[in-house]
Amino acid sequence: MTVALIDYGAGNLTSVRKALTHLGAPFVTPAGPHELAGAAGVIVPGVGNFEATAALAGGWHAAIREAVDRGRPLLGICLGLQWLFEGSDEAPDVPGLGVIAGRCTLIENDAANEATAYRGGIFKVPHVGWNSLERRRDDSWALDGVPDGAQVYFTHSYAAPVTADCVGATTYGLSFASVVEQGHVVGAQFHPEKSGDVGLRVLANFLRRVTRTSSTAAPAMSGS
Amino acid sequence: MLSKRIIACLDVRDGMVVKGINFEGLRSAGDPAALARRYNREGIDEVVILDVTATLEKRKALARTIQAVAQEIFLPLCVGGGIKDEEHADAAIEAGADKVSLNTAAIARPELLTALARRYGSQAVIVAIDAKRDGDRFRIYVRSGQRPTERDAVEWAREAADRGAGEILLTSIDRDGTKRGFDCELNAAVSEAVSIPVIASGGAGTFDHFVDVFTEGKADAALAASIFHYAEHAVVDLKEHLRDRGIPVRMLAGWEPGGDASPG
């Protein structure tokens, strides 16, 4: 069960590689979309501007979509979560994968909620640091074993809306989707590879899903 | 709510930690990887490796230190000290750093911040500012705080953020090593001027100093070195102190009184 870690030039993958190695997961960084056929699961990482995901348009987009249609688990991390949506205001002309409905928008303060500006604190964008995951669905496989309120590490300026696919939400100004899940597609706005034991648990849950999927005879089980 | 980050600084020279190595309960006190492991267990939020003496020939040793520390933690890891160009930054990131911090080189060549932000994203680029009070302003010093410049800390912080820096590591030269507390005025002045996080550094002596810098100083994170060496559990004790005073911090489940007893 080899996981394909997509390197499309959006940030460095060292810490994701390190976490996968730590968890004993075999992975490859495919040279191109044509190498995705044999992958049992796909991870789309990425940091920075949504514009960077333009590199996924075309070949990667089609190949990843095909892998998802064949039932292969897909994990989007940070920018990779945002890419699962239809798009982002950060680069309106760049389409996302579109498997999750909605668009990403700039993080905004909730003017009505002064709690975010506790004791003279300043509301800043980007949202950088450790914040809590509020679990929204008990049946989430990606968050299996992750306690409600567990803290994880974020660094981002745009965020995804809280919709029916949101299984974990985080409040910074307004509430946003920090974990989305639809069938075997999952996304984490935080960095599981930099979020201590909680993050490793989320990665391990994904890898377990990959193992289970690849060991079943009939892998085609798209949708939720 | 977003937590205030507690960051441990490992001042490293020739692969060994050079500050706070008198901690008695720790056999390999000077080993950065052993310290990182302990801090991770105690719930540190982030680790910074600073090697101000890293010369050309010593950068390979630094890369080995980064690798060894990175193996111990799944937390953000920043590396600073003597990073002069993209090649140095590449080597640190390749070795396992998530962020690099630039000080003297950024003042000399501000476009380096932009180049690194384009390459790795702003979240990977920290501008380190060493400032000293000079009348009613804060003057920037470079070369490990040895050489004064004409730059003002608040102005430079704004420019560095505009050029692509993702965070500011702000050290008060007046307070560094004194244990008299962080310079809250300096931190508040810079924090109010920029929209990126400010990491306060220099002067941590008591837990209340952290309370002060997170409230009066408006800092988003605070960094210290020797205070964490004094006693085992210092990170835990500090976080409990902050939490009890209404400051949001990340507590490991295993340390939460009455909380989930699973190992943290």
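Partly exposed, on this tour, means a relative accessible area between the buried limit of under 20% and the exposed limit of over 50%. Keep that in mind, because B:Arg119, at 40% relative accessibility, falls into the partly exposed class. One more thing before you start clicking: the model is predicted.

**Stop 1: B:Arg119 and its partner**

Select B:Arg119 and B:Asp90. The two form a salt bridge, with 2.8 Å between the closest N and O atoms. Colour by secondary structure and you'll see that distant parts of the chain are being linked: B:Asp90 belongs to helix α3 of chain B, B:Arg119 to helix α5 (residues 111-120) of chain B, and they are 29 residues apart. While you're in chain B, pick out B:Arg5, B:Glu46, B:Lys99 and B:Glu167 as well; salt bridges with shared partners join them into one network.

**Stop 2: two helices side by side**

Now show side chains. From α2(B), take B:Arg59, B:Ala63, B:Ile66, B:Gln67 and B:Ala70; they meet B:His88, B:Ala92 and B:Ala95 of α3(B). Sorted by class, this contact has 5 nonpolar, 2 polar and 1 charged residues.

**Stop 3**

Next, select B:Arg250 and B:Asp45. Their side chains form a salt bridge, 3.1 Å from N to O. B:Asp45 sits in the loop between α1 (32-42) and β3 (46-50) of chain B, and B:Arg250 in the segment after α9 (234-244) of chain B, so this bridge ties together parts 205 residues apart in sequence.

**Stop 4: over to chain A**

Finally, jump to A:Arg103 and A:Asp89, another salt bridge, with the closest N and O atoms 3.8 Å apart. A:Arg103 lies in strand β6 (residues 103-106) of chain A, while A:Asp89 is in the loop between β5 (87-88) and β6 of chain A, so the pair connects parts 14 residues apart in sequence. A:Arg103 is partly exposed at 34% relative accessibility, and A:Asp89 is partly exposed at 41%.

Methods: Residues are numbered from 1 along each chain as its sequence is written. Chains are lettered from A and ligands numbered from 1 in the order in which they are written. This is a predicted model: local features need pLDDT of at least 70, side-chain atom pairs count only at pLDDT 80 or more; totals for chains, interfaces and linings use all residues. Side-chain values use heavy atoms; hydrogens and water are left out. Contact means heavy atoms within 4.5 Å. Helices (H or I, at least four residues) and strands (E, at least two) are DSSP runs, numbered from the N terminus. Ala, Val, Leu, Ile, Met, Phe, Trp, Tyr, Cys and Pro count as nonpolar, Asp, Glu, Lys and Arg as charged, and the others, Gly among them, as polar. A salt bridge is a side-chain nitrogen of Lys or Arg within 4 Å of a carboxyl oxygen of Asp or Glu. Buried means under 20% relative accessible area, exposed over 50%, partly exposed in between (1.4 Å probe, protein chains only).
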